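Have a look at the picture first, then work through the points below.

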Amino acid sequence: MKKLLTLEELAQFALGIWLFSLLDFAWWWFPVLILLPDLSMVGYLVNPKVGAWFYNLFHHKLLAVFIIFLGYYLKNDTISLVGAILFAHSSMDRIFGYGLKYETSFHDTHLGKIGNQ
């Protein structure tokens, strides 16, 4: 099952790259911006509950899809870029086993525990 989920996330990551390619930005923007959503981990400096809330907000694919469509609707490539990066980043994280976080710890995710066991 884990391999099947990883393949699904790989396909979604490829979709994120394709969505990016439809926008009028130089290719180098993608690798420059792809890790930017991880800045949301700064919430963990407050406590695990705040950290999980911010992390999950910036790693939720529904928000990413909403932002992509909002950019399309407003004919604003920059907004669509934000959505495409959020979507691709969330898929990339899940390929490596980093899921949405529970409020107990950064290591407790919807995909299971991460890190040293």
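A crossing of two helices is called left-handed if the near helix is turned anticlockwise from the far one by less than a right angle, and right-handed if clockwise. With that in hand, note that the crossing of H1 and H5 is left-handed. Keep in mind that this is a predicted model.

**Helix H1 and its two sides**
- H1 runs over residues 2–21, and at 1.5 Å a residue its 20 residues should span 28 Å; the end C-alpha atoms are 29 Å apart, which agrees.
- Tucked away as buried residues of H1 are Glu9, Gln12, Phe13, Gly16, Leu19 and Phe20.
- Look down the axis of H1 and those buried residues fall within an arc of 115 degrees, so they line one face of the helix.
- Here's a handy rule: an α-helix has 3.6 residues a turn, so residues three or four places apart point the same way.
- On the face of H1 turned away from the buried side you'll find the exposed residues Lys3, Leu4 and Leu7.
- The cover over the buried residues of H1 includes helix H2 (29–33), helix H4 (61–74) and helix H5 (77–95).

**Glu9, up close**
- Glu9 is part of helix H1, and its relative accessibility is 10%, so it counts as buried.
- Leaving out residues up to four places away in sequence, Glu9 touches Lys61, Ser91, Arg94 and Ile95.

**H1 against H5**
- These two helices, H1 and H5, pack at an angle of about 160 degrees, and their axes are 8 Å apart.
- That angle makes H1 roughly antiparallel to H5.
- On the H1 side, the residues making the contact include Thr6, Glu9, Leu10 and Phe13, while on the H5 side they include Leu81, Ala84, Phe87 and Ile95.

**H4 against H5**
- The axes of H4 and H5 come within 7 Å and cross at roughly 160 degrees.
- H4 and H5 are therefore roughly antiparallel to each other.
- The crossing of H4 and H5 is left-handed.
- Among the residues making this contact are Lys61, Ala64, Ile68 and Leu74 of H4, together with Ile79, Gly83, Phe87 and Arg94 of H5.

- Phi of Lys75 is near 55 degrees, which is a positive value in a residue other than glycine.
- Is Lys75 buried or exposed? At 75% relative accessibility, Lys75 counts as exposed.

Note on methods: Residues numbered from 1 in each chain as written. Predicted model: local features only at pLDDT ≥ 70, side-chain atom pairs only at ≥ 80, totals over all residues. Heavy atoms only, no water. Helix = DSSP H or I, 4+ residues; strand = E, 2+ residues; numbered from the N terminus. Expected span 1.5 Å × (residues − 1). Buried < 20%, exposed > 50% of the residue type's maximum accessible area, 1.4 Å probe, protein only. Arc of directions from axis to C-beta. Contact = heavy atoms within 4.5 Å. Axes fitted to C-alpha atoms, helices over the stretch in contact; angles between N-to-C directions. Parallel < 35°, antiparallel > 145°, perpendicular 65-115°, else oblique.
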